[in-house]
Amino acid sequence: MNVTIKDVAERAGVAPSTVSRVLSDSKSISDKTKEKVRKAMAELHYYPNLTARSLVSKRSKVIGLVLPQASDAFYQNPFFPTVLRGINEVAEENGFSLLLNTGNGDQERLRHIQRMVNGRLVDGLIFLYAIEDDPIINFVRQSATPFVIIGQATDWQTNFVDNNNVDLGLLATQYLIDQGKKNIAFIGSAYPQIFVKSRYQGYQKAHEASHLEANPDWIFRPDQFLVKNGFEMAREVAAMPEIDAAVIVDQLVARGFKEGVRYVCPDRQIAAMTFKPYRSDFSQGIHQAYININAIELGKRAFQVLFDALNDQHSDQEIRYYHEIVKAELVQGNAD
């Protein structure tokens, strides 16, 4: 037997219209009444018809997550599950579901997003990456679908959430300089991620402030953010005996680099600074310094920014753009 709103109303001792307003999370209903209605729904195993409700409200209550191209670097990188945890936590609090999108190549991913947007399957989108001249972002912008980028946008008429990556690059490099390192490599990426370019700018600024040379021969660009690529970078650095430290923009690459240094040139001390999505547990003792970029908070703030943008659109307010900078944290090292 199908349970209806009338059944829920009768169990809770309220009018059916009150149940409808509870389902819409109306502010006109007290928390006490909401709790009573939700208890009745749970007891009767009542689940609202979300499709029917979306036709009335013109909201799907679904947010699309646009992920980078499917690859080993994506599936293995701890940044993505960490930021997804933050997004999901706030989405659940606000009654939203998440719909993930990825694919092999830009065209496949674009087709998926076109189906999402043109089919009105989502209210808005969160991009978990930022690159210049992205065809998917260009399509979404033209469709007037609200979206937010986790990463630095290329213009200020875009909602985005990010760390200040120029400052982070400077902070990481300055930490190594303060430890007495003079010949510091930069290990970034062969692809045009904006955060990599920003951290490189910070790397350059730290050198300029300390009157040191940022040698262009010490810039390395792995094809992917994987442990094996870091190991390969260690081999290249080993051929340059003057290098005594490295700023590495990705945690997995940094892990491979450290393993490679121990294997390829075990007698050399090459300090490494990298960026992690969360603060690690150091119960096992010795560790090297790193920067915690607080990826969970990035995810939480990204959803909140999109939620605010959706409410602006729903109330026909003038379009506003939200820009959030999440503070990162330097975690001091105690390794030699």
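What is the handedness of the crossing of α11 and α12? In this predicted model, the crossing of these two helices is right-handed.

**Helices α11 and α12**

- Helix α11 covers residues 227-238 and helix α12 covers residues 251-264; the two pack at an angle of about 45°, and their axes lie 6 Å apart.
- On the α11 side, the contact is made by V227, G230, F231, M233, A234, R235, V237 and A238.
- On the α12 side, the contributing residues are L252, V253, R255, G256, F257, E259, G260, V261, Y263 and V264.
- By residue class, this contact of α11 with α12 comprises 12 nonpolar, 3 polar and 3 charged residues.

**Helices α1 and α3**

- Helix α1 (residues 5-12) packs against helix α3 (residues 31-44) at an angle of about 120°, with 9 Å between the axes.
- This angle makes α1 oblique to α3.
- The crossing of α1 and α3 is right-handed.
- From α1, the residues D7, V8, R11 and A12 meet K36, V37, A40, M41, E43 and L44 of α3.
- The contact of α1 with α3 divides into 6 nonpolar and 4 charged residues, with no polar ones.

**Helix α6**

- Helix α6 spans residues 79-93, which is 15 residues, and reaches 22 Å from its first C-alpha to its last.
- That reach is close to the 21 Å expected at 1.5 Å a residue.
- An α-helix has 3.6 residues a turn, so residues three or four places apart point the same way.
- After α6 comes G95, which has a positive phi, near 75°.

**Individual residues**

- T18 is located in helix α2, which covers residues 16-23.
- With a relative accessibility of 11%, T18 counts as buried, because the cut-off for that class is under 20%.
- Leaving aside residues up to four places away in sequence, T18 touches I29 and T33.
- Q204 belongs to helix α10, made up of residues 194-209.
- The relative accessible area of Q204 is 29%, so this residue is partly exposed.

Technical notes:
Residues numbered from 1 in each chain as written. Predicted model: local features only at pLDDT ≥ 70, side-chain atom pairs only at ≥ 80, totals over all residues. Heavy atoms only, no water. Helix = DSSP H or I, 4+ residues; strand = E, 2+ residues; numbered from the N terminus. Expected span 1.5 Å × (residues − 1). Axes fitted to C-alpha atoms, helices over the stretch in contact; angles between N-to-C directions. Left-handed = near helix turned anticlockwise from the far one by under 90°. Contact = heavy atoms within 4.5 Å. Nonpolar A, V, L, I, M, F, W, Y, C, P; charged D, E, K, R; others polar. Buried < 20%, exposed > 50% of the residue type's maximum accessible area, 1.4 Å probe, protein only. Parallel < 35°, antiparallel > 145°, perpendicular 65-115°, else oblique.
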